[in-house]
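Welcome! Here is a short briefing to read alongside the structure.

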Amino acid sequence: MTQLNIPVESMALPNGLRVVISPDRTAPVATVGVYYNIGFRIEPRGRSGFAHLFEHMMFQGSANAGKMMHIKLVNSSGGVLNGSTHYDVTNYYESVPSNALERVLWLEADRMRALKVDDENLRNQRDVVKEEVRVNVLNQPYGGFPWLDLPPVAYRNWSNAHNFYGDFDDLDAANLDDVQKFFKTYYAPSNAVLLILGDVDTDEAIGLAERHFASIPSGPQPTPADIDEPPQIDERRGVVEEKFGTLPGIAIGYQAPRRLTPEWYAAAMLDHAFHGGRSGRVYRRLVLEQQIAVDAEGGIHYPVGDLFDYNGPTLMVTRLLHKPEYSADQTIAAYDQILDEMKEKGIAADELEPIKVKFRSNYFSNLEGGHGPSIPRYGLMHLLACFTLFDNEPSLVNTILDGFMQVTPSEVQSVAQKLLTRHNRSIVIRQPAKKGAA
Amino acid sequence: MASAPRSDTPSAVPPLAPARPVIWPPRVHRTLSNGLEVVLVESHGIPKFTGELFFRSGNAVVAAQAPGLADMTATVARTGTQRRTSRQIEEDLRRMGADLSSGAGADNSVISFAGLVDFSNELLGLVSELAQRAIFPEDEFERERRQLVEGLRIERTTPGFLASERLRRVLFGAHPYGTISPTEEQVTHYRVEQLKDFYQRYYRPGNALLVMVGDFAPEKMLAEIETAFGAWTGGPAEGAPDPALPELQSRRVYLVHLPGSVQTQLSIGNRAITRKDPDWLRLTLANSIYGGAFNSRLVMNIREEKGYTYSPRSGAHPMRQHGYFSIGAAVRNDVVAAALKEIFYEIDRMRSTPVGEDELDDARSYLTGVFSLGLATQDGLAGQLATATLEKLPDDYLETYRERVLKLTSADVLDAARKYFDSEHAQIVIVGDRAQIEAQAAQFGAPEVYDAQGSRIQ
């Protein structure tokens, strides 16, 4: 097995900002990310969708770079940029020809230092976000299925259960005070990590990080939010109307183990046995063999996250679209049989070993790209950020695979028996609306 | 610029450092004795490789039989060979740590694959088997056909699909490019013999291109390719027909009624050019300034100033025989007319006023920079190589791309906008709930109205 040896240097500035550097001078390009330890899970009550709306505001202007300057300066340097809001982190990132590295760091430092936005900016981005929600959720077949459907059924703590994209009333209620308060609370240097990857020397990168970020005043560390879930004791169910699509959908989610626990490593292999593409048991059985479903996908923290980028309760999810001639109960019964077989008979080594090979292969691809052809090393950046913010150990990126490679067949069977119980799961059915005469 | 004094205040934008040269990895470009064209490039970032086996024939070449036949052929080709069942194929892929997909567009069919270099020999063996010895099992065909029908029903509820379908029909009419997907009825009439026939005619080395990028030594990989594909035979295949295109007389409006829509999908377009046209880079640059980048005029206007939409974009789409230019945005129902007005305002501005030097500089830097970013991953490199080789562009097309972009002028942009942002003949497709948007649509011309099944209702 190839032992990973990705260069990783990490340090912290006096203001608490952590810096992680991974040089690779093969190509003259660099990727920079700033990750803040705040995601949509812990946005304020009455302000659903705010963490994401706020992410948009970070592109609206900072102390020395007004509206559009972030976008203009990066694009005109030959680079691309974006941001995204996740359960427990929000990121901002740029990939650029490496001669623009300092410019990008200056931009990120400027908006970590001070956000400079007005009511007009907020109104504008509120409108933009509403169209984003419409184009991704409200005006699409299976929009938000199941990432917005499962949490309100599966969870009892508002932080885990609310509408992460935001109710429009809550988006409308958000004001500039909220924006500045959120910035002050969660965007302090000590609540963030800066990542510099690609065509740069470690010393040069450290120098640049110090020059641009060290003078940003430190702020108080936010108090950790309560995201605990009471233990689940019954199966939970919900039904959501599917307004456009023609097939019924079913999403099933099992409470997944905490990250980095022995059960988590085993659950990752279990997940792959079920959801590893066309050779996964769920797709093979339900789509290819029994032909009850026409599509089957899933994963731990699926579909808006992965095995590594959460830091609290999450689910192992299966998403099915099934033929209308089968009822939801029939479909679930066929699915249950797959689970029961795993619990009763376990997994043979000649199924588990190939899964490990494929898992490792996927991990490598993710390190190199993971986010389309224009953002080299996005996947590496994302892992480094999560391992830093959640575990304070970026070098896990080189060693984490070992834990998966050591999982045994009996550990997979045990975790299946423990996890895959009725009282540990939630089910959401997407029921196509009855169509009137067209 | 490199030695510009540094300011101690954080208010000054740091200048760009001198750019490091983009160095092209050496590439091997060979044609095997059986006619298979091979392009190989080393990329050692991860112990993997990625590959694409193209056939220069897609749905267009058999459009007279039915739309989508090439895509169905590619889909079923992975479900069984003389030596392996569907299940064995999938399990072998997993054992090799490999991904594989197959499909076809209008011009090409492709088997795409990626895997660990330790298994390159075996994976090439499997790909070669799929390309030469697929058996098209009847039961696999029937299952894929049902899945396709269900997928088509869902696509008919998807605004983006409905907009593309109508725009392509309007721009290309009865030409194969005018149809982006089959009807349910056409799929029901597919026969497995048609798939086998397509496979016989077009899956042959003389019609194929193999692009591979990864952590390998090219000469050694070439030997593996020779072993896997050397005995395969079959010369070139005939090209696709190119029937006459409809005449676009004037600006027209097409409304696709999707009941219950809470947003309206706009798609505006006109015919343009292929990548072989001498104007291609001019059009690319003009598009980048108009609506092809985050920092473009269209995004600034209807997103960042007016908040009409989340995702406005324009693009130049080259195909083998023709090309088209299109502008897309999903907008709030009550600003359909206002958004169209701004879209045309920005088009007319591109056509009437030369772009200033700063904006031109920014756009040239953007294109050359993004091009360099695209070379930094195995997938990105493979994509660039495929683009250049599939359409038989000049050998130095990629190497000279950046310098050719940097030479473009404001006059080039104006010229391209005037030729290819054809405001007068723009075809306007609007997908949404008719009652909410028809009056706004009518401000741009009397709409032809269609239902989501594609039938004209007015």
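**A pair of helices in chain B**

The axes of helix α9 (residues 280-292) and helix α10 (residues 297-305), both of chain B, come within 5 Å and cross at roughly 10°. That makes α9(B) roughly parallel to α10(B) (an angle under 35 degrees). This is a predicted model, in which local features need pLDDT of at least 70 and side-chain atom pairs count only at pLDDT 80 or more, while totals for chains, interfaces and linings use all residues. Residues are numbered from 1 along each chain as its sequence is written, and chains are lettered from A in the order in which they are written.

**Terms for the helices**

- Helices are DSSP runs of H or I with at least four residues, strands are runs of E with at least two, and both are numbered from the N terminus.
- Axes are lines fitted to C-alpha atoms, for helices over the stretch in contact, with angles from 0 to 180 degrees between N-to-C directions.

**Where the two helices meet**

- Ile289(B), Tyr290(B) and Gly291(B) in α9(B) meet Arg297(B), Leu298(B) and Val299(B) in α10(B).
- Residues are in contact if their C-beta atoms, placed from the backbone, lie within 7 Å.

**Where the chains meet**

- On chain B, 66 residues are in contact with 66 residues of chain A.
- Elements giving two or more residues to this side of chain B include α2 (86-95), β5 (109-116) and α10.
- With 8 residues, α12(B) gives the most to the side of chain B that touches chain A.

**A contact set in chain A**

- Beyond its neighbours within four places in sequence, Ile196(A) is in contact with Ile21(A), Ala30(A), Val32(A), Ala205(A) and Ala209(A).

How values were computed
Angles under 35 degrees count as roughly parallel, over 145 as roughly antiparallel, 65 to 115 as roughly perpendicular and the rest as oblique.
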